[in-house]
Every structure is written in C-alpha cells, then in structure tokens.
Amino acid sequence: MDLKQFEADNSGSFRLASRIPDVCRTEDCCLGVDEAGRGPVLDSGPMVYGICFCPVSKKEELKDLKVADSKTLNEAERENLFQKLDEAQSYVGWALQILSPNMISTSMLQRTKYNLNALSHDTAIGLIQYALDSGVQLKEVYVDTVGPAEKYEEKLSQRFPGIQVTVRPKADSLFPVVSAASICAKVARDRVVKGWNFAEDLGEMDADYGSGYPNDPKTKEWLLKYLDPVFGYPQFVRFSWSTAQTLMDSKAVPVHWFEDKRDKLSFAAQRQNNRSMLSYFSASAEGDRAQQTHRFFSERRLKSLKSL
Amino acid sequence: MSCNASVTCLHLSSLKGAEKAPVHLMPCEIEHTGHAQVSQYFTATTKENKKDKTVSFRGRGLKGQEISCPQGHTGLVLKEVDRHGSDQEDRKVKVTSVFDKLTYWNLETPPTSDDIVVMAMDWPELAEAIHGTIED
C-alpha cells in the first residue's frame with residue numbers, strides 16, 4: 001500500500017488500488033464495501049472507503065483467511081490480516097478512496113450542503129464503478145451501512161443493474177468480503193494517521209494525538225493544546241464535526257461569513273422593493289432621496305470615507 | 001480626511017520605514033485585531049493552481065486570486081496611534097506596511113472579473129477620465 005502520493009498532498013481525495021487479479025476479469029465476482037474513520041464520534045484524520053473483491057468460487061478460501069472477525073482487532077492484528085490479503089493477490093483485489101479531513105470539512109460546510117451520507121454513498125459508488133471499469137465481472141455486492149439500509153440498497157441496485165446488491169448494518173460480521181474491505185480501509189487509515197504530514201508550519205508538533213476519537217483523553221488534550229484563536233485547527237481536524245465547532249465557539253475568536261450578511265442585505269432590499277402600488281401615485285420624492293449614491297459605487301461597495 | 005470637527009492625521013514619516021507585506025482580503029469578518037499565525041496556518045497550506053489559489057479557513061474552502069492596486073496608487077496598512085483621552089475627536093494613524101497588490105478570497109466561488117473588489121479597481125481610471133484635466 002503505497003501512500004507516498006497522499007502523504008505529499010493530503011488535502012484532497014485520493015484513490016489507491018491493487019492490481020486486478022486475472023481471475024476477477026474472467027469469473028463471476030463478489031465485492032464488499034466498508035469504511036473506516038466515519039462514525040459520529042470521529043473528528044480528525046481521513047475517512048477511508050474500501051472495496052475488496054474476489055471470485056464467487058473463492059468465497060470459502062477468503063473465509064479461511066479468518067478476516068471475518070475484524071471488529072475487536074488491534075492495529076497490529078489488522079496489519080497482519082492485510083498482509084494475508086496481500087498474499088492472496090492472485091484472487092483478491094482491493095481499492096481504497098481516502099477522503100482527507102480538509103475535503104470532508106469543505107464539502108460538509110459549503111453553501112450547498114453536501115452531507116456525510118451523500119458523500120459516503122458517492123464514494124462507494126465511485127469505487128464499485130472503478131471495479132467494473134477495470135473489468136471485474138461483478139455479480140454480487142455487499143455493503144455495510146450506517147444509514148437506512150433499504151433505501152441505500154434500492155439506490156445501489158438502480159445504479160448497478162444486473163448486480164445483486166445487499167446492504168446490511170454490521171455487514172462486516174456477516175460477509176467475509178465486507179470484512180476484508182473493512183480491514184483494508186482500517187489499515188489505510190491507521191497508516192495515514194500515523195504518517196500524517198502537517199502542511200502547516202507549526203514547528204515541533206506533538207504527533208501523539210491518540211486515536212482521533214474525541215472520547216480519547218489524549219485526543220481531547222491535543223485538541224485543546226492546538227487550538228489557535230484565529231485559525232482554529234490544522235487541516236488534520238474535521239471542522240464540520242461538532243467537537244471541533246464547540247471548542248472553537250468557546251475558545252476561538254468569532255468569525256462571520258459574508259454569505260449570511262449578503263443574504264440579509266438582499267432580503268432587506270427585497271422588502272424595500274415591495275412598495276405599495278399607491279406609492280407610485282404620490283408625488284413624494286422620498287424614494288429618490290434615498291438613492292443618493294450612484295449605482296456604480298454601490299455595486300462596487302465604494303464609499304466616501306469620512307472617518308475611520 | 002475630515003468631516004465636521006474631527007480630523008484624522010496620517011503620520012507620513014511612518015511611510016518611510018514601512019515594508020511591503022502580503023495582504024489578504026477575506027470573505028468573512030474575523031473578530032480579532034492583532035497578531036495571527038498567518039504564515040504557519042494560511043500561507044503554508046495555500047495551493048497555487050493555474051487559474052486561482054485555494055486554501056481553507058476554519059474548514060471552509062476559499063478560492064482567490066492576486067490583484068494589483070490601481071496605477072498610481074499604493075495600498076497602506078494603517079494602525080491607530082494611542083488615543084490618550086477619549087474626549088479627543090482627532091485621531092492619529094501611522095503606516096505599518098504598504099502593498100501594491102493583494103490576494104482577495106471568495107467563499108467557494110472561483111474568482112472572476114465580476115468580483116466586487118476587481119470592479120472597484122476601475123474607479124481611479126474612470127475618475128481620471130471624468131475629472132482629470134484635459135490638455136488643449
């Protein structure tokens with residue numbers, strides 16, 4: 001798993017994939033989708049989506065790799081299992097989409113809000129499409145979900161006609177391909193968090209931020225220590241998460257985005273424009289008096305400056 | 001600059017020692033006046049692209065571009081010199097730095113020539129055309 005490119009520029013979204021096993025192009029395959037680093041408790045580091053696929057005929061062999069019990073594993077055990085998957089590369093393929101915390105923040109906080117579910121679904125769809133585009137003969141897809149399963153299953157079934165789609169909560173404990181995808185995603189996330197290159201020039205930064213979960217005292221301590229009153233946090237932190245927002249609300253300086261002001265302005269202007277019909281019949285020049293500044297200046301927010 | 005009774009004075013001597021500084025016009029109001037770790041957080045993470053620059057501030061994506069001050073104009077960063085007594089209406093400012101170009105940032109939308117600050121730079125040339133002396 002070569003993460004060097006992402007480590008060099010960790011502000012966007014990045015795809016990484018294994019070689020496609022030849023058998024996957026000729027035999028019917030099953031594919032599992034899972035993610036790491038998403039849950040409502042996480043507020044730092046990347047979110048990683050993973051897919052793992054193999055021929056349907058090899059389902060039992062995949063099961064024998066013991067990838068099934070991934071939930072209670074620690075980092076070292078996960079690495080071990082990933083090694084096993086890597087060794088099975090003659091029939092197992094995988095692909096990952098790494099979403100940087102910066103990308104998550106900016107997508108979720110943008111004006112046309114892009115919520116996490118939509119972001120997650122689109123990422124999963126992108127990866128499944130990648131497998132298809134690479135020639136994988138997909139017949140079965142299994143997906144783990146946090147949101148409503150039926151709706152998601154319907155959405156994916158419509159998007160990928162001819163493929164049997166199964167969406168279940170805790171799918172990683174039900175289907176070995178999903179469990180394998182979960183391992184790939186978690187291992188990638190572990191490695192990215194470990195090797196995170198802070199683009200910010202913050203000198204000797206304490207790299208021990210714990211797990212990234214806000215209920216981890218190490219993480220809490222780190223978040224408090226590295227709160228800058230103006231900038232808030234480095235891009236490692238997801239600003240869209242309530243933990244970060246709450247800390248900034250209480251300890252950072254307030255910031256007001258002009259989008260809100262502008263909306264208020266246009267609303268007030270609208271009310272002004274909705275004059276009664278009767279006002280057009282009166283001879284009063286009140287309306288004219290208000291219009292003293294030429295539009296050229298108001299359009300450009302140019303004002304005669306009389307005092308500071 | 002004067003209106004009614006109060007006068008604001010600019011200490012021109014401060015112009016001599018003033019150095020050029022990079023200036024950013026943000027699409028937000030930051031309730032803070034004073035030092036900030038701009039180079040460490042902002043400049044260090046700014047990306048220079050073909051058509052614009054991108055950076056995030058508090059998790060929001062910004063897109064910006066550099067523009068120059070109008071011909072014959074210099075940008076000044078002013079700082080108010082102590083107000084000894086609040087009954088004094090006159091105010092004093094000095095120049096802390098100068099700039100001949102600045103980077104302005106839009107919230108998410110790509111910078112274009114329709115942006116207000118770009119259009120505002122039209123004024124000096126237009127003013128000259130309207131009010132300037134005409135040589136016979």
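This is a predicted model: local features need pLDDT of at least 70, side-chain atom pairs count only at pLDDT 80 or more; totals for chains, interfaces and linings use all residues.
**Entry 1, the contact between chains A and B.** I began with the contact, to which chain A gives 43 residues and chain B gives 38 residues. The area buried between chain A and chain B came out at about 3,800 Å², with carbon and sulfur atoms giving 64% of that area. I then looked up the polar side and found 13 residue pairs in polar contact between the two chains, both residues being at pLDDT 80 or more. On chain A, the elements that each supply at least two residues of the side touching chain B are α5 (101-109), β7 (255-257), α11 (258-273) and α13 (295-299), and α5(A) has the largest share, 4 residues. Sorted by class, this side of chain A holds 22 nonpolar, 9 polar and 12 charged residues.

**Entry 2, strands across the contact.** I noted that β7(A) pairs in the antiparallel sense with strand β5 (residues 28-30) of chain B, over 3 bridges, and that within this pairing H256(A) stands opposite E29(B).

I counted 1 salt bridge between chain A and chain B, in which the side chains of D122(B) and R300(A) meet at 3.5 Å, N to O. R300(A) is buried, at 9% relative accessible area, whereas D122(B) is partly exposed, at 36%. Salt bridges that share partners join R295(A), E299(A), R300(A) and D122(B) into one network.

In one, E140(A) and K59(A) have their closest N and O atoms 2.8 Å apart; E140(A) lies in strand β5 (residues 138-144) and K59(A) in helix α3 (residues 59-64), so the pair ties together parts that are 81 residues apart in sequence. E140(A) is buried, at 14%, and K59(A) is partly exposed, at 30%. In the other, R168(A) meets E153(A) with the closest N and O atoms 3.4 Å apart; R168(A) is in strand β6 (residues 164-168) and E153(A) in helix α7 (residues 149-159), so this pair ties together parts 15 residues apart in sequence. R168(A) is partly exposed at 37% relative accessibility, and E153(A) is partly exposed at 24%.

Lastly I looked up L132(A), which is found in helix α6 (residues 116-133) of chain A and is partly exposed, with a relative accessible area of 28%. Leaving aside residues up to four places away in sequence, L132(A) touches L138(A), F160(A) and I163(A).

How values were computed:
Residues are numbered from 1 along each chain as its sequence is written. Chains are lettered from A and ligands numbered from 1 in the order in which they are written. Side-chain values use heavy atoms; hydrogens and water are left out. Buried means under 20% relative accessible area, exposed over 50%, partly exposed in between (1.4 Å probe, protein chains only). Contact means heavy atoms within 4.5 Å. Buried area is the accessible area (1.4 Å probe) that two parts lose on being put together, summed over both. A salt bridge is a side-chain nitrogen of Lys or Arg within 4 Å of a carboxyl oxygen of Asp or Glu. A polar contact is a pair of N or O atoms within 3.5 Å; within protein, one must be able to donate a hydrogen and the other to accept it, and residues adjacent in sequence count only if both atoms are side-chain atoms. Ala, Val, Leu, Ile, Met, Phe, Trp, Tyr, Cys and Pro count as nonpolar, Asp, Glu, Lys and Arg as charged, and the others, Gly among them, as polar. Two strands pair if DSSP finds at least two bridges between them.
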